Amino acid sequence: MMSESLFQECKSSTLHTVAALLKLRPNVGEPLSRPEILQGIRETVEAKGAKLLSQSLPREVLKRICEVAEVDHNHNNPSNRMVLTKRVYEILSSDAHDWLTNCDDREIVKGICQTLDIDVEGKSLELMAANAAEEIVCSGLHSILNLFGVPVLQSIAKDLRLSGYYVTNKEKLINAIITRSHIEKVKEAVLLKRKVPIARCTTALQLHNFYSVEELREWCRQHSLSTKGRKTQIIRNILAYNPDENPESTTGSSSSG
């Protein structure tokens, strides 16, 4: 799990600060243990991702999920979007990964993927479900990190041993944490002056500052890379790309698009 593995590398002092900010409550007066904090963070991230997804899903997909899950709406209007959104959130917030893994309705999983802007062409039901579960966590993690102030984000980046953790730009810190990328001060100064072709970018900051998500997706399509997910996920795909493993996609690698 992305969020849990990320915070596992954090120091206890950082974890307790995060727990306080997320208002994680200990059992009967006992201080939270490290495993309890990590579990609490994971559950909070998943719940936030599920909430963001539930609020974005089309009404038809919301209704279909409730029908398949045999939701009892009691006396509430089963066609009311607010009611449907709440019920779907309740279903997904407990364990979206488990629910998606066990969902055998391709149209539901496809609808969720399309809402998350995940490419579904030629993918199996299992792969779509896995991609959707990953993106739910990624969006939840981004939203949770955005709640923290710069000092806390700096502490997380420092615990992850990311160089340049001392920068004060909040968005740069969040992107660096999610993509596990270093923030190089020297490179940052150069980047502010000129745009580097995508194929020559070596940091998330370069790609984030000078390219729109559509430009990055188009480059990924040209190089047979996945175009699914938020901008941070696409940046991770680009930075992890090794042209030697895909020789057919090397044409035009020296250009930005």
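Some ground rules. This is a predicted model, where local features need pLDDT of at least 70, side-chain atom pairs count only at pLDDT 80 or more, and totals for chains, interfaces and linings use all residues. Residues are numbered from 1 along each chain as its sequence is written, and side-chain values use heavy atoms, with hydrogens and water left out.

Let's start with the helices. Helices here are DSSP runs of H or I, at least four residues, numbered from the N terminus. Two packed helices are described by the angle between their axes and the distance between the axes. For H6 and H7, the axes come within 9 Å and cross at roughly 40 degrees. Axes are lines fitted to C-alpha atoms over the stretch in contact, with angles from 0 to 180 degrees between N-to-C directions. So H6 is oblique to H7. Oblique is what remains after roughly parallel (under 35 degrees), roughly antiparallel (over 145) and roughly perpendicular (65 to 115).

Who makes the contact, meaning heavy atoms within 4.5 Å? From H6, Arg106, Val109, Lys110, Ile112 and Cys113. From H7, Leu125, Met128, Ala129 and Ala132. By class, that is 7 nonpolar, no polar and 2 charged. Nonpolar here covers Ala, Val, Leu, Ile, Met, Phe, Trp, Tyr, Cys and Pro; charged covers Asp, Glu, Lys and Arg; the others, Gly among them, are polar.

Now the loop. Asp119 sits between helix H6 (106–115) and helix H7 (125–145). The cut-offs are under 20% for buried and over 50% for exposed, with partly exposed in between (1.4 Å probe, protein chains only).

What does Asp119 touch, leaving aside its neighbours within four places in sequence? Thr227 and Lys228. Ser226 is 107 residues from Asp119 in sequence, yet their C-alpha atoms are 7.5 Å apart.

Last, phi. Most residues other than glycine have a negative phi. Lys23 has a positive one, near 60 degrees. Lys23 lies in the loop between helix H2 (12–21) and helix H3 (34–56). Lys23 is exposed, at 59% relative accessible area.

Asn74 also has a positive phi, near 55 degrees. Its loop runs between helix H4 (59–68) and helix H5 (81–102). Asn74 counts as exposed, at 58% relative accessibility.

Methods
Helix = DSSP H or I, 4+ residues; strand = E, 2+ residues; numbered from the N terminus. Contact = heavy atoms within 4.5 Å.
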